[in-house]
Amino acid sequence: MKKESSGAATWENAGVAPPSDIERSSATDTPAASRPKAYELVLDDIEDELRTGALKVGDQLPGERALAEAHGISRASVRDAIRILDVMGVVRTSTGSGPGAGAVVISEPAAGIATALRMHVASARLSVQEIVQTRILLETWAARVADLDADPERSAVVLREARGLLADMDDPQLERESFHELDARFHVLLSGLAGNAVIEAMMESLRLAISDYVRGAVRSDEAWEPVATVLRDQHHGIFDAVVSGQGEVAAELLREHIEWFHGWSTGS
Ligand SMILES: [Zn+2]
């Protein structure tokens with residue numbers, strides 16, 4: 001994380017107190033915006049250690065007091081840094097004082113990206129149009145490069161699960177609410193066949209945003225029924241293309257599916 005990251009500016013723009021006082025540089029004349037926050041010293045250090053391999057997944061971070069002394073900052077600031085890393089999915093913290101207590105390095109990129117994206121979607125900083133465009137980009141790319149033979153075991157698991165979701169969505173008794181959730185999961189699942197962890201994390205982070213905008217677009221149960229029929233057919237078409245290894249066809253059907261619903265919901 002850079003010293004003048006937009007993340008740091010956001011705390012101030014949002015009108016809330018930054019997570020910690022500025023302890024190190026308060027005696028200088030440096031403008032507030034360019035001074036590193038105390039917790040950023042810890043974040044920068046941990047980032048360096050992860051990059052060089054000094055810290056690895058499964059390692060335990062030094063204790064609060066040790067980190068505070070090493071950086072010449074307060075323990076409160078160290079706690080701020082650990083909390084941020086926790087939200088980012090970089091460490092997991094546990095309470096208690098046993099040998100497993102403290103912050104342990106984990107690797108859950110989807111968790112961190114998902115949290116950030118969800119917040120920005122919730123604050124309406126990301127529009128439905130942007131989510132739709134991003135979906136098309138990610139999902140059609142993923143469909144084109146998906147190689148079922150790259151990891152046959154994993155592919156079999158994914159396809160079995162996707163088939164199960166299709167069967168659940170075919171059930172006319174299924175609640176609309178549940179349909180939207182399964183629909184989004186179906187798309188996240190298929191994009192995973194590309195074997196790209198970043199794409200997977202991004203799709204996972206968009207999952208709630210996807211089911212939310214689809215849910216919000218359908219106003220009544222009467223309007224929903226004919227739409228659901230079309231969506232079911234489209235899903236089966238996409239799935240069949242994926243199973244038979246026709247990536248290009250699957251990509252085109254995905255695009256049509258996403259654009260059709262968006263067009264329907266916006267009345268264009
Ligand atoms: Zn769908």
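**Exercise 1. Determine how helix 8 and helix 10 are oriented towards each other in this predicted model, and which residues bring them together.**

Solution. Begin with the geometry: the axes of helix 8 (residues 176-191) and helix 10 (residues 221-243) come within 12 Å and cross at roughly 20°. Angles under 35 degrees count as roughly parallel, and helix 8 is therefore roughly parallel to helix 10. The sense of the crossing, in which helix 8 passes helix 10, is left-handed.

Next, list the partners: on the side of helix 8 they are Arg-176, Phe-179, Asp-183, Phe-186 and Leu-190, and these meet Asp-221, Trp-224, Ala-228, Leu-231, His-235 and Val-242 of helix 10. Sorted by class, the residues of this contact comprise seven nonpolar, one polar and three charged.

**Exercise 2. Carry out the corresponding analysis for helix 6 and helix 11.**

Solution. Helix 6 (128-145) packs with helix 11 (residues 247-266) at an angle of about 165°, and their axes are 7 Å apart. Since angles over 145 degrees count as roughly antiparallel, helix 6 is roughly antiparallel to helix 11. The crossing of these two helices is right-handed.

As for the residues, Val-132, Arg-135, Ile-136, Glu-139, Thr-140, Ala-143 and Arg-144 of helix 6 meet Gly-247, Glu-248, Ala-250, Ala-251, Leu-254, Arg-255, Ile-258 and His-262 of helix 11. By class, this contact has seven nonpolar, three polar and five charged residues.

**Exercise 3. Describe the span of helix 11, its buried residues and what follows its end.**

Solution. Take the span to begin with: helix 11 has 20 residues and reaches 28 Å from its first C-alpha to its last, which is close to the 28 Å expected at 1.5 Å a residue.

Turning to burial, the buried residues of helix 11 are Gly-247, Ala-250, Ala-251, Leu-253, Leu-254, His-257, Ile-258, Phe-261 and His-262. In reading their spacing, recall that an α-helix has 3.6 residues a turn, so residues three or four places apart point the same way. The buried residues of helix 11 pack against helix 6, helix 9 (197-217) and helix 10. Finally, just after helix 11, Gly-267 takes a positive phi of about 75°.

Key. Residues are numbered from 1 along each chain as its sequence is written. This is a predicted model: local features need pLDDT of at least 70, side-chain atom pairs count only at pLDDT 80 or more; totals for chains, interfaces and linings use all residues. Axes are lines fitted to C-alpha atoms, for helices over the stretch in contact, and angles run from 0 to 180 degrees between N-to-C directions. Helices (H or I, at least four residues) and strands (E, at least two) are DSSP runs, numbered from the N terminus. Angles under 35 degrees count as roughly parallel, over 145 as roughly antiparallel, 65 to 115 as roughly perpendicular and the rest as oblique. A crossing is left-handed if the near helix is turned anticlockwise from the far one by less than a right angle, and right-handed if clockwise. Two residues are in contact if their C-beta atoms, placed from the backbone, lie within 7 Å. Ala, Val, Leu, Ile, Met, Phe, Trp, Tyr, Cys and Pro count as nonpolar, Asp, Glu, Lys and Arg as charged, and the others, Gly among them, as polar. The expected span of a helix is 1.5 Å times one less than its number of residues. A residue is buried if 20 or more other C-beta atoms lie within 10 Å of its own, exposed if 12 or fewer, and partly exposed in between; C-beta atoms are placed from the backbone.
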